[in-house]
Amino acid sequence: MGRLRIALCQVDPVVGDVEGNLELVLEAMERAEEAGADLAVFPELVLTGYPPEDLLLEPGFVEASEAAFAEVAAASRRCTSVVGFVEAGVDLHNAAGVVAGGAARGVCRKVVLPNYGVFDERRWFSPGPGDSPLFAVAGTRVGVGICEDAWTPRGPLERLALGGAELLVTLNASPFRAAVHEERRAMLSTRAADLSCALAYVNLVGGQDELVFDGGSMLFDQDGRLVASAEQFAVKTTLVDLEVRAAHRQRAIDPRVRAPHP
């Protein structure tokens with residue numbers, strides 16, 4: 001059984017203020033490093049703020065997002081950090097970059113793009129291919145998803161679990177509405193238990209136009225039990241020590257998290 005110290009970095013970025021958001025991230029990374037964290041997880045699109053919408057039409061804004069992510073990577077040290085940003089390829093991606101040791105270790109792209117209610121992501125982004133790699137953090141295999149990816153039972157998180165993930169992290173920009181915190185908690189607990197993976201959920205706080213983000217970040221163990229939760233409506237870095245069971249043990253017990261034999 002391994003042990004991982006996780007920093008749930010619940011911050012309040014401002015849409016369009018890439019420079020200011022970068023400072024928020026760097027300060028939280030430093031706190032996580034000083035606290036001995038192995039892994040620091042930030043919200044969805046933390047470097048641009050959410051939702052960036054028409055700002056994505058400005059080439060300079062997208063370039064600033066990528067440049068800020070490069071600065072985050074260069075500033076990283078022992079602690080691995082997972083940071084949301086806008087990535088430009090042929091199209092734009094809602095992305096999460098993994099950094100450690102002064103370099104980018106990989107980029108994961110959101111697969112399931114919501115297009116209902118207040119969300120209009122299919123207009124702005126292209127979905128990722130759904131083949132995100134796993135990252136080794138303090139001996140634990142970590143998979144990365146972004147917000148809506150977690151709400152699909154047979155979606156990206158399941159593929160990461162079948163690939164051997166022991167911890168899933170999900171970066172979120174989930175707006176507040178009545179009873180949504182309980183709804184998230186039930187869904188995330190079920191997802192962790194069904195996939196036999198610990199699950200870290202980190203959400204934005206703050207307001208943007210008519211949207212209010214309530215934070216409420218949470219960590220679940222591999223049985224779906226709530227291990228820790230952050231306050232709602234508060235900027236907060238929550239440190240949690242998590243015991244992680246080896247994936248092969250879970251696979252022997254529960255065949256649902258084993259890929260089918262050919």
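Select Asp223 first. In this predicted model, Asp223 has a relative accessible area of 36%, so it counts as partly exposed, the class between 20% and 50%. Asp223 and Arg225 form a salt bridge, and their closest N and O atoms are 3.1 Å apart. Salt bridges with shared partners link Asp221, Asp223, Arg225 and Arg245 into one network.

Next, select Glu166 and Arg141. Their side chains meet in a salt bridge, at 3.5 Å from N to O. Where does each partner lie? Glu166 is in the loop between helix H4 (156-162) and strand S8 (167-172), while Arg141 is in strand S7 (residues 140-146), so the pair ties together parts that are 25 residues apart in sequence. Glu166 is buried, with a relative accessible area of 6%. Arg141 is partly exposed, at 37%.

For the last stop, select Glu44 and Lys110. Their side chains form a salt bridge of 2.8 Å, N to O. Glu44 sits in the loop between strand S2 (39-41) and helix H2 (59-75), and Lys110 in the loop between strand S5 (103-109) and helix H3 (121-124); the pair therefore ties together parts that are 66 residues apart in sequence. Are these two residues buried or exposed? Both Glu44 and Lys110 are buried.

To continue, look for other pairs of this kind: the whole structure holds 14 salt bridges.

Notes:
Residues are numbered from 1 along each chain as its sequence is written. This is a predicted model: local features need pLDDT of at least 70, side-chain atom pairs count only at pLDDT 80 or more; totals for chains, interfaces and linings use all residues. Side-chain values use heavy atoms; hydrogens and water are left out. A salt bridge is a side-chain nitrogen of Lys or Arg within 4 Å of a carboxyl oxygen of Asp or Glu. Helices (H or I, at least four residues) and strands (E, at least two) are DSSP runs, numbered from the N terminus. Buried means under 20% relative accessible area, exposed over 50%, partly exposed in between (1.4 Å probe, protein chains only).
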